[in-house]
Structures are given as structure tokens and as C-alpha cells.
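Trainee: I've got the model open and I'd like to learn how to read it. Can we take it one feature at a time?

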Amino acid sequence: MVTVGGDSKSGSWHSLREIFRHRELLSLLVRRDLKSRYKDSVLGFVWTLVRPLTQLLIYAIVIGQVLGAARNIPDFAIYVFTGLTVYSLFSEIISGTTASIVGNSGLIKKIYLPREIFPLASVGSAIFNFLIQFVILLVATLVIGKPPLHAETWYLIPSVLLLLVFGTAFGLLLSAVNVYLRDVQYLVEVVLLLLLWASPIVYSWTMVRDALGHSLALDIYTDNPITLAVLGFQKAMWVGGQGVAEYPDLLLMRMGIAFAIGVVLLFVFQRVFSRLQGNFAQVV
Amino acid sequence: MTTNLTENGTATGAGGEAPEVVRVTDVSKRFVIRKDNSLKERLVAFGRGREHREEFWALKDVSITMRAGTTVALIGHNGSGKSTLLKVIGGIIDPTSGSVSRRGRIAALLELGAGFHPDLTGRENVYLNASILGLSREQTEERFDEILSFSGIGDFIDTQVKFYSSGMYVRLAFAVAVHTDPDLLLVDEVLAVGDEAFQRKCLDKIRSFQEEGRTIILVTHNLNQVTELADRAVLLNRGAVVFDGDPGEAVTEFRNILEDRRVVEAEAEAAVQAHKHPGSVAEHGRVIDARVFAVGREPGEPVQPGDDVRIEVTLEHDTGIDDWMCAIQIDNTMGLPVYGTTTARIGADLSRLRARRTVAIVLKDAQFGAGKYFVNASLMDSAGRHLSDMPQACSFDVPYYPLAVGVIHAVPEVVDLSS
């Protein structure tokens, strides 16, 4: 016989095994999310691209041309789109996961499943959208004749991993807290808006360095995991910046430390999640 | 977290009893109802949080064990804790204290189609829902045709389920759930859906589950289903087990609780009415007594088929009532109503009721099958509202008849047409 519930007492390893057992369901849930999102719309998945492309257009024209940021940054459109691709992966993970438990209340109230499945399914659909954007970015670099074929392309991998670890960790925490305090989902929207401007996406890291100088403030700014991932991505994808752009020292080591912190957070927040999940069915 | 029952000997206990499938030990569940839900409200109420929460115990020290192959019905009035108990067994909510152990694959029919997504087609939803209930993709593919034919959905399977009628929706969901091959099936009030033909199909499926030795836990308000399907019933009242055993007795016990509650509620309502309209006096009618006997026999003597059964009901009314009727209903021991009539139905023209008086209703040439029968007597107003009820006011027995069973009596005969 197996003791029912009481998941808060069993470890993360147990939770991980449970999730692995339900991996097929996880992929079905991701597909459900993606399929149902644009069902009955004529253009379907094209809509996934409209938002980032519009953002790109706004930033490239307003900030690049009108405010003149493009003068110091070569291939400004590619530069902005690289940053946006990274940022929207993180922002989609966070906003999707935060709403995931509340959004699946029908299932949670009626059937026992490892509840981590729902935030993870949101992460999955965010990854899918990220891949589409990434392909567009790749095509764009080919069109302007500067494909990312150089020695630093592998920076993509630590950047994506860093975002996934932090996104999943905070996603788990926020999805659980949002059940008890619905203010969280509104707070998240605001914070995400701030995060867009807290990383060198539409301006360059060099501008920040020049403003702050080599100080603690610059280190804090740089060690934001989103900033690190954005910088890593730019190093890999923004060929136009090679030789021109400056990057912080020890970028890879900073990424490594951030990744380690992310893994610890993921573990801690998963424990918090399993503590809180016992009451989901009656609160949600 | 795994307790192997065979080690401590209870699993295959002495006497070859079936192994335990579910063991609920001292389970209590407390619900806290918060009255403040936004951040602002919580900050304002911070420090005196106690005032902003209300507690109540949905379950109190419930202990039950269920053995493989049994069908257990959980009964109780609304809010008695039966659905909570089912959810605790299903692992959907954690108990506040106590523990639940169980073995085998579980399928919970707590709400049909809980995992259905309106924008996906029936086919996509079958795969999704089967996966939620624990089937792999290959298993679902194997059973897909069976599921489709059981549901009777036909060509609509490739239509989005938001265009389904509610009956189709439920049929598809039930079809998926029963094809997941569960060892333990939790059923909550879902047998009351679909048309009659489909309900029959569902009940047949439940019966074949019973035959295959699966364990079923059933929550229902249909007391006939309890006596028909279950071999054991657990009666819950205010979160505690008040009866555990034979379904027939449990149903009788439950009727008593319901009657007590109805009386309390009726009194409360009368008090509210009296408060609202201080001028009017609440109605005060009463059934005082009822007796039953066969004409020509002593009261208490068995009633033979063909006797005239005489039921005498004594009633009174404090303020007097012009339009009234006296109603009787006869139930068998399973709680199934087998006969009922009222003085209005018979066409009797009764004068104003005030002082105590007795009305007799005679059932001529009554042909009841063998068994015990209970008579419920009621005083009603002309609109059919119950002013006073006396459930199981009296009873009579019909002697054992070797040639047939059932609630009506008829002499059977065989005619062999081939000779």
C-alpha cells in the first residue's frame, strides 16, 4: 500500500520521478496549450510572430532612429531582436507559469496529478514559441548576410539554460503563491515590464558602463541573470557587433555562478511548491 | 512512504479475506475560510488574522478500511463530508491529520470531462483525458475504438467538444474513464447524467466492474442505487461516521437523519415567517398516529395477499384548515416506494380539520409480495405542501412466498407450449 498525499514530506527526488512518469501527459498539455491558443483563427501561428515583430519595429524606429541609439550600435534591428527573443522566453515562462495552477483549477480540483506538471507545461509552450522566434532571428541574420558562424556561437547554450533554470524556479514559486494571493499575477506583469528595461535589450551594456563606471552598481546590473543571458545571446547571434561591442569581464564565470544559484533556487522553490500544493484543491 | 501490508499480516488476513485496498486512519480535515483575499485586505488585517478566518471540520476522526472487490456507498446529506472523504481517498486534497493508504490504479469519476478542453476535438480530448487518468499513448490507441463505440459519439469525434451537447460530452468522458482499467473506482454523483439508455449502460459497466472484482466507492443521493449496487454503506453526518454496514439499514438510518433535519429546517423557516409577518400564526398541523392492519385480522398479524389493508391515520390542526388531505406511502425495507395515495386522489371530500380525528384508507384486495413494509403518513395542504409527516409510522409483514420474490404478489404458472 502507498500512503496517499503528504507529498510535502517526501523529497524532490520523489516529485521528479512522479513528473517523469507523467512525461507523456506533459507533452500533451503543452500541445493542448499551443493548439487551443490559435484555434479558429485564420492566421493561426502567424499571430505568435506578430507581437515580437511589432515590438521590434517600434524599438528599431523610435529608439534606434528617432532617439539615435542605432548610431552607436551596428545592425540595430538584429541587436534588438536578439535581446527581445531572450527576454520574451523569460517573460512567457513567468507569466504562463504564474497563471498555470489557477488556470487549470478544473483539473486540480477533480483529479490527482503531480501539480508541477502545470507550470512545466507552461514552460514547454514558452520554449516552443521561443524556438519559432529564434528561427526568425536566424533567418534575419542570413538575410543581412551575417550568419552566426563563429567561435562564440556556443554562448547560446549557457544563456538558454540560465533562463530556463531561473524561469522554472520562479515560475514554480509564483504559480503556487498566486493560488493564495491573486495579486501576484498583476504584480508579475509590472515586474516583467521593469525587467525589459533593466537589461541591455534596446540600449547597449556599454552605455550603462559609461554611466555607472566600474562600480558595485554595475556588477549588480550585470549579474542579473536576464542581462547575462541577453549578453550571451548577443555575443552569439549579433555578428555585427564583433570587435565593436564590449562585454563584461568573466562573462562565462558569472553565468556559471548564476546557474549554480539558479539550481539551488529551483530546489528550494520546488520544496515551497510541494508545501503549498496540499491545499490547492480547496483554495484554487 | 510505502507500507507493505503483507509484512504485518493484514493484507491476506486469516480466513482468506480479500486484501485491503483502502485504509483510512483517523482522518480529519479542517477547512479555513478566509474572508480577505487581496493583499490590501491581508495587510490591513495583519496581526489580527484570527478574526478574518473561520474554521470548520469537514471530517472528524474517520477510520474506514475497504477490501478488494467490495462496493461501498458513502451517503449523507449535503455538506456531510462524503465528497471530501472521496477526495482525500483520491489524493486530491491532503487530510489535516491522519493518513490514507491505498493500492492499485485509481480512476476518479469526480466530475466527468474535468480534463476536457472545449477547443480541442473529441479525439484529441480522449487522448488527453486518458493520459490524465494514467494511460499511455499506446494503451489509448488500443482502446480507442472501444471507447468510441461505448460513447456512441460516432462521426462527431473529430468535432471540437464545445459543439457537443451536454449529453455527448458526458458520454465521451464516461467512456474514457471506464476504459482506463482502474482497480479502484471513485464515483461521485455521475451516474445521474445522460439519457436513460446511457444510464443503464453505465450501471451495467459498474456491475461488470463488480464482477471483475474491482473496488468501487460510490457517492450518491439516489438511495435506490445504494441498496441496489452497494454491499456496504457508510453514513456520514457532520463529518463523522455514524453508521457503517448493511446498505438497507444505512438507508433507513439516513432517512431518520434527513427527517430530523427537515423538521429543524421547517421550524427555522416557520420562525422566520413568524418574524416577518408577526400577525399571521404559523400552521400547526400534526399527524398524531397511524395504524395498519388487515381487515378481519388482529393488528400485528401478517397480511395475506388478497386481504383488505386498512390504514388509520389520526390528525389534528391547531388553527383549523379547510383544504387538506391525508397522504400515505408504503415503502419496502430497501426504501423503495411501492404504493402511495392521498385522500384527494381518491376523491374524498373532507370537511374542515381542527380537532383530532381519524381517517381510514382501505386498500382493497392488496397483493403485496413477501417482506416487511413501512407506512409513511402525511398531512398536506391543497397545494401538496407537507404540513406534517410521520415516516415509518407503522409497518406490516407479508409472509414468505416460496414461488416468487418481489414487491407484488401474483401466482405463477408454467405452460410448456412445445408439448
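This is a predicted model: local features need pLDDT of at least 70, side-chain atom pairs count only at pLDDT 80 or more; totals for chains, interfaces and linings use all residues.

Trainee: Where does Ile206(B) lie, and what does Ile206(B) touch?

Mentor: Ile206(B) sits in helix H6 of chain B, residues 196-211. Leaving out residues up to four places away in sequence, Ile206(B) touches Ile216(B) and Leu229(B).

Trainee: Zooming out, how much of chain B counts as buried?

Mentor: 36% of its 419 residues. For contacts in chain B between residues at least 6 apart in sequence, 70% join residues at least 24 apart. The chain has 9 helices and 16 strands.

Trainee: Which residues have the most contacts inside the largest nonpolar core?

Mentor: Val80(A), Leu173(A), Leu74(B), Ile89(B), Val176(B), Leu186(B) and Leu218(B), in a core of 134 residues. Helix H4(A) gives the most to this core, with 13 residues. Apart from it lies another core of 32 residues, including Ile311(B) and Val375(B).

Trainee: Pick one of those and show me its surroundings.

Mentor: Take Leu74(B). Not counting residues up to four places away in sequence, its contacts include Leu85(B), Leu86(B), Leu218(B) and Val234(B).

Trainee: What does Val234(B) stand opposite?

Mentor: Asp244(B), in strand S9(B). Strands S8 (residues 232-237) and S9 (residues 240-245) of chain B run antiparallel and are joined by 5 bridges. The two form a hairpin with 2 residues between them, and Arg238(B) in the turn has a positive phi of about 50 degrees.

Trainee: Now helix packing. What do I look at?

Mentor: Two packed helices are described by the angle between their axes and the distance between the axes. Here, H4 (residues 76-103) and H8 (residues 183-197) of chain A pack at about 175 degrees, with axes 10 Å apart. That angle makes H4(A) roughly antiparallel to H8(A), because angles over 145 degrees count that way.

Trainee: Which residues of H4(A) and H8(A) meet?

Mentor: From H4(A), Tyr87(A), Ser91(A), Ile94(A), Ser95(A), Thr98(A) and Ala99(A); from H8(A), Val184(A), Gln185(A), Val188(A), Leu192(A) and Leu196(A). By class, that contact has 7 nonpolar, 4 polar and no charged residues.

Definitions and conventions. Residues are numbered from 1 along each chain as its sequence is written. Chains are lettered from A and ligands numbered from 1 in the order in which they are written. Helices (H or I, at least four residues) and strands (E, at least two) are DSSP runs, numbered from the N terminus. A residue is buried if 20 or more other C-beta atoms lie within 10 Å of its own, exposed if 12 or fewer, and partly exposed in between; C-beta atoms are placed from the backbone. Two residues are in contact if their C-beta atoms, placed from the backbone, lie within 7 Å. Axes are lines fitted to C-alpha atoms, for helices over the stretch in contact, and angles run from 0 to 180 degrees between N-to-C directions. Angles under 35 degrees count as roughly parallel, over 145 as roughly antiparallel, 65 to 115 as roughly perpendicular and the rest as oblique. Ala, Val, Leu, Ile, Met, Phe, Trp, Tyr, Cys and Pro count as nonpolar, Asp, Glu, Lys and Arg as charged, and the others, Gly among them, as polar. A nonpolar core is a set of buried Ala, Val, Leu, Ile, Met, Phe, Trp, Tyr and Cys residues joined through C-beta atoms within 7 Å. Two strands pair if DSSP finds at least two bridges between them.
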